[in-house]
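Hi,

Here is the structure I said I would pass on.

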Amino acid sequence: MSRSTPSFQTSGDQVHIVRATERQLELDKLPPTKTSRWVTRRKAQVVTAVRRGILSLTEACERYNLSEEEFKSWASLFDNHGMSGLRATRIQEYRSGAESVSE
């Protein structure tokens, strides 16, 4: 009679069944914590996550190494101009009081 080897050792090991919480599933959909290239979609995801209560403002700033000012500017631009307001190449057009610099 042949014995099959279990895929885990039974002596002293414990098997844990982990149920992913809804919050964890939502966190997994967010941009990676080491994101350095902030495209409009990623900015919008973070703003939306804070607004939906998946992350607090403090958690978002710590997780993504953002200042509160930077996050709040994303939120304001998103509110006032939608996704296109989050484009870095167009930021001067959307910021209030933006003036062109002439030399």
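First, some ground rules. This is a predicted model, so local features need pLDDT of at least 70 and side-chain atom pairs count only at pLDDT 80 or more, while totals for chains, interfaces and linings use all residues. Residues are numbered from 1 along each chain as its sequence is written, and side-chain values use heavy atoms, with hydrogens and water left out.

**Salt bridges**

How many salt bridges does a search of the whole structure find? The search gives 5. A salt bridge here is a side-chain nitrogen of Lys or Arg within 4 Å of a carboxyl oxygen of Asp or Glu.

Start with R52 and E26, whose side chains meet in a salt bridge at 3.6 Å, N to O. This pair links distant parts of the chain, 26 residues apart: E26 is in helix α1 (residues 22-28), and R52 is in the loop between α2 (40-51) and α3 (57-64).

Next comes R51, which forms a salt bridge with D79; their closest N and O atoms are 2.7 Å apart. R51 is in helix α2 and D79 is in helix α4 (residues 68-81), so this bridge ties together parts that are 28 residues apart in sequence. R51 itself is partly exposed, at 45% relative accessibility.

The bridge between E68 and K72 has its closest N and O atoms 3.5 Å apart. Both residues lie in helix α4, 4 residues apart, or about one turn of the helix. That spacing makes sense in general: an α-helix has 3.6 residues a turn, so residues three or four places apart point the same way. E68 is partly exposed at 42%, and so is K72 at 47%. Salt bridges that share partners also join E26, K29 and R52 into one network.

**The core**

A nonpolar core is a set of buried Ala, Val, Leu, Ile, Met, Phe, Trp, Tyr and Cys residues joined through side-chain atoms within 4.5 Å. The largest one has 19 residues, and the members that touch the most others are L30, V46, L55, Y64, F71 and W74. Helices α2, α3 and α4 each supply at least two residues of this core, and the largest share, 5 residues, comes from α2.

Contact means heavy atoms within 4.5 Å.

In α3, the buried residues are A60, C61 and Y64. Seen down the axis of α3, they fall within an arc of 95° (taken from the directions from the helix axis to the C-beta atoms), so they line one face of the helix. Among what covers them are α2 and α4.

In α4, the buried residues are F71, S73, W74, A75 and L77. A75 has a relative accessibility of 9%, and it is in contact with V47 and R51, leaving aside neighbours within four places in sequence. The C-alpha atoms of A75 and L86, which are 11 residues apart along the chain, are separated by 8.8 Å. After α4 comes G82, with a positive phi near 70°.

**Two loop residues**

N65 is in the loop between α3 and α4. Its phi is positive, about 55°, although N65 is not a glycine. Most residues other than glycine have a negative phi. N65 is exposed, at 72% relative accessibility.

T35 is in the loop between α1 and α2. Is T35 buried or exposed? It counts as buried, because its relative accessibility is 13%.

Happy browsing!

Definitions and conventions. Buried < 20%, exposed > 50% of the residue type's maximum accessible area, 1.4 Å probe, protein only.
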